[in-house]
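Student: Could we go through this model together? I would like to begin with how its elements are defined.

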Amino acid sequence: MQTKPKSTLSSRTGLAGCALAVALVLDAALAINGLVPERAALFPNATAFLDTLAADMQPTGIAGFASGIALTLLLLLPMHHVYRTREARLLQERERLAAHNAKLVRQAASDGLLGIANRREFERVLKLEWLRAARERQPLSLLMIDIDYFKRFNDTYGHQAGDTCLREVAKVLRAAAARPGDLVARYGGEEMALLMPHTGMEGALRMAERIHTMLEDRALPFSASPVAEHVTVSIGVSSMLPVRHANRSVLISQADEGLYAAKEGGRNRTEAVPNLRLIAPEEATPLQSASRA
Ligand SMILES: Nc1nc2c(ncn2[C@@H]2O[C@H](COP(=O)(O)OP(=O)(O)OP(=O)(O)O)[C@@H](O)[C@H]2O)c(=O)[nH]1
């Protein structure tokens with residue numbers, strides 16, 4: 001004896017699916033037989049096939065509908081898998097390109113030999129920091145650092161040793177300038193620059209002294225140097241309170257002047273030309289006026 005299937009959601013859905021399938025098949029059969037009779041004569045086998053299919057669909061019921069679902073899933077699952085795999089591959093590729101792009105940006109901004117910022121990056125950051133300092137009414141300082149008698153160093157030890165020396169000095173500068181906003185850059189040849197936002201003349205002079213001390217401790221041998229047994233540098237310092245529309249190149253030219261004075265004064269030393277106050281007096285806060293007095 002046959003038991004009646006329980007009226008569950010799945011059996012009702014199965015029946016609905018079956019009814020839909022039958023309806024579709026009958027509709028197709030009617031279309032061939034009724035709507036286009038002259039053409040139906042050309043497809044007697046098709047009509048017979050549809051009749052058989054419609055007849056077959058009825059007794060199979062839920063099983064027919066389930067197998068339809070299974071067939072659909074069998075087709076959809078591999079498609080889903082292909083889609084997910086392709087999506088994962090695209091994500092990987094996007095991450096790889098982003099990393100490569102970041103590397104290119106870093107390379108474009110840094111000096112290939114020393115691994116510090118290059119001149120172009122220095123100019124870019126100087127512009128930003130100048131405007132920021134003007135907006136925030138904060139001092140901006142710059143050290144221009146030049147290795148003493150570097151031509152003689154190259155002549156004595158060779159160019160490769162000269163390159164190593166440059167790298168070591170750059171390392172010392174990076175170690176000395178520990179604040180996140182500080183920027184160490186190769187300004188040209190054996191001349192390097194250290195830009196220090198939020199730093200006044202006093203802090204800049206302290207930083208210069210720290211560099212001399214660290215180089216003394218590092219003691220890179222330079223027996224042919226007329227000023228010491230080790231590699232030394234001369235440093236020019238400039239520090240100012242920028243205003244937005246003033247020419248920022250004055251920060252560089254003042255540091256250059258200081259550097260020239262340090263060289264003239266015997267090298268292995270720091271010189272600073274008097275602080276040029278670029279901030280307009282009416283813009284200064286009482287605190288700044290006091291610190292500048
Ligand atoms: N090895 C090496 N040498 C460089 C590099 N860039 C510049 N130089 C050398 O640095 C030297 C700079 O010499 P000068 O400008 O005459 O100055 P100096 O000999 O350091 O003398 P003072 O600065 O007056 O103490 C030159 O011999 C350049 O060839 C570099 O990337 N590698």
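Tutor: Helices (H or I, at least four residues) and strands (E, at least two) are DSSP runs, numbered from the N terminus. Please keep in mind that this is a predicted model.

Student: Where is the place of Thr199, then?

Tutor: Thr199 sits in the loop between strand 3 (191–197) and helix 7 (201–218).

Student: Is Thr199 buried or exposed, and why?

Tutor: Thr199 counts as buried because it has 24 C-beta neighbours inside 10 Å, and the cut-off for a buried residue is 20 or more.

Student: Which residues is Thr199 in contact with, leaving aside neighbours within four places in sequence?

Tutor: Those contacts are with Pro139, Ser141 and Ala204. Pro139 lies 60 residues from Thr199 along the chain, yet their C-alpha atoms are separated by 5.5 Å.

Student: What about contacts in the protein as a whole?

Tutor: Among contacts with a separation of 6 or more, 69% join residues 24 or more positions apart. Buried residues make up 27% of the 293 residues.

Student: How many helices and strands are there?

Tutor: The protein has nine helices and five strands, and along the sequence they follow the pattern α-α-α-α-β-α-α-β-β-α-β-α-β-α.

Student: Turning to the ligand, which residues come nearest?

Tutor: Of the 17 residues around the ligand, the nearest are Asp148, Phe150, Lys151, Gly162 and Gly189. Strand 1 (140–147), helix 5 (150–157) and helix 6 (159–176) are the elements that give two or more residues to this shell.

Student: How do the residues of that shell divide?

Tutor: Eight are charged, five nonpolar and four polar.

Notes
Residues numbered from 1 in each chain as written. Predicted model: local features only at pLDDT ≥ 70, side-chain atom pairs only at ≥ 80, totals over all residues. Near = placed C-beta within 6 Å. Nonpolar A, V, L, I, M, F, W, Y, C, P; charged D, E, K, R; others polar. Buried ≥ 20, exposed ≤ 12 C-beta atoms within 10 Å, placed from the backbone. Contact = placed C-beta atoms within 7 Å.
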